[in-house]
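Biologist: Hi! I'm new to this one, could you walk me through it?
Modeller: Happy to, let's bring it up.

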Amino acid sequence: MARTIFVTGAASGIGLACTRNLLRQGDRVAAIDLNADSLASALGPDTENLLALPCDVSNPAAVEQAVARSEFQLGPLDSVIHCAALHSPSFWMDLEADEFNRVLQVNVTGSFLVAKAAAKAMRARGGGAIVLTSSANVLAGGIGGQAGMGGPAYVASKAAIVGLVRSLARSLGPDGIRVNAVMPGVTETPMIAKYSPENRAASLKQIPLGHIGTADEIADVMCFLVSDASRYVSGETMIVNGAAMFG
Ligand SMILES: NC(=O)c1ccc[n+]([C@@H]2O[C@H](COP(=O)([O-])OP(=O)(O)OC[C@H]3O[C@@H](n4cnc5c(N)ncnc54)[C@H](O)[C@@H]3O)[C@@H](O)[C@H]2O)c1
């Protein structure tokens, strides 16, 4: 049966791959990203099953409104796949408080706001599934920043997702809401466009499966985590990185 799924970061990379995957399966998707133009150029015009909603996920009122509009136009929310995030490769010495706070605001507070607004809606109909996004940078420390690699703000923000998932899974389980995260390794999306050739080669060398992950390979796992096939999985952060770096 067709479901309604709220996907953030839907104009690019992994969120875009999730959106296309779900639309192919016949689901209805509320596609969220920062601006209408980037959504339209990635996904084309709205259809019966696709509603593009420009929204900054770090803005509480905007997130509440986006969930309400999604429910009004596409029906009760079944699941959320939250991919929207800011990258921050700044080396520790160049990283100022403003940038650090902004990264936490978008990546951590934004994840909480999206999960909270969705959970309020899902509780009303007896359950749902939420998938947040961490990063395998958390396991390696992000190599300290620069050259496209995650620096301290990004790595700290993605580590916070592991705790957020556990806390929300505990609180929302009794309402039938599952909460999980995916922890992708290096994935071929615009987020890694500034990787130096040396960093790219070094990343590749660490991946026993022999290639940098594709957005579709991560999206497939996210879609599994909002499917009925994962109905007894909650509170987990699933590493999806081609067997690179076990910790
Ligand atoms: N690509 C990688 O190597 C990699 C590795 C580990 C984790 N991740 C995580 O996967 C997720 C998806 O990343 P991606 O690689 O597809 O990146 P991407 O840059 O291709 O896409 C991120 C999207 O989020 C949107 N966005 C940013 N800030 C937003 C905000 N405040 N409100 C709404 N939308 C906003 C951007 O406009 C963009 O379309 C992110 O959470 C990222 O941290 C990516």
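Modeller: Let's start with two helices: in α1, Gly13, Ile14, Leu16, Ala17, Cys18, Asn21 and Leu22 meet Ala215, Asp216, Ile218, Ala219, Met222 and Cys223 of α8. Here, contact means C-beta atoms, placed from the backbone, within 7 Å. Helices are DSSP runs of H or I with at least four residues, strands are E runs of at least two, and both are numbered from the N terminus.
Biologist: Where does the model come from, and how are residues numbered?
Modeller: It is predicted: local features need pLDDT of at least 70, side-chain atom pairs count only at pLDDT 80 or more, and totals for chains, interfaces and linings use all residues. Residues are numbered from 1 along each chain as its sequence is written.
Biologist: At what angle do α1 and α8 pack?
Modeller: About 60 degrees, with the axes 8 Å apart. Axes are lines fitted to C-alpha atoms over the stretch in contact, and angles run from 0 to 180 degrees between N-to-C directions. The two helices are therefore oblique, the class left after under 35 (roughly parallel), over 145 (roughly antiparallel) and 65 to 115 degrees (roughly perpendicular).
Biologist: Is α8 mostly covered or mostly uncovered?
Modeller: Mostly covered, with eight of its eleven residues buried, including Glu217 and Val221. Buried means 20 or more other C-beta atoms within 10 Å of a residue's own; exposed is 12 or fewer, and partly exposed is in between.
Biologist: Switching to strands, how do β2 and β3 pair?
Modeller: In the parallel sense, over five bridges; pairing takes at least two DSSP bridges. Valine 29 stands opposite leucine 50 in β3.
Biologist: And why is β3 largely enclosed?
Modeller: Because four of its five residues, in the stretch 50-54, are buried.
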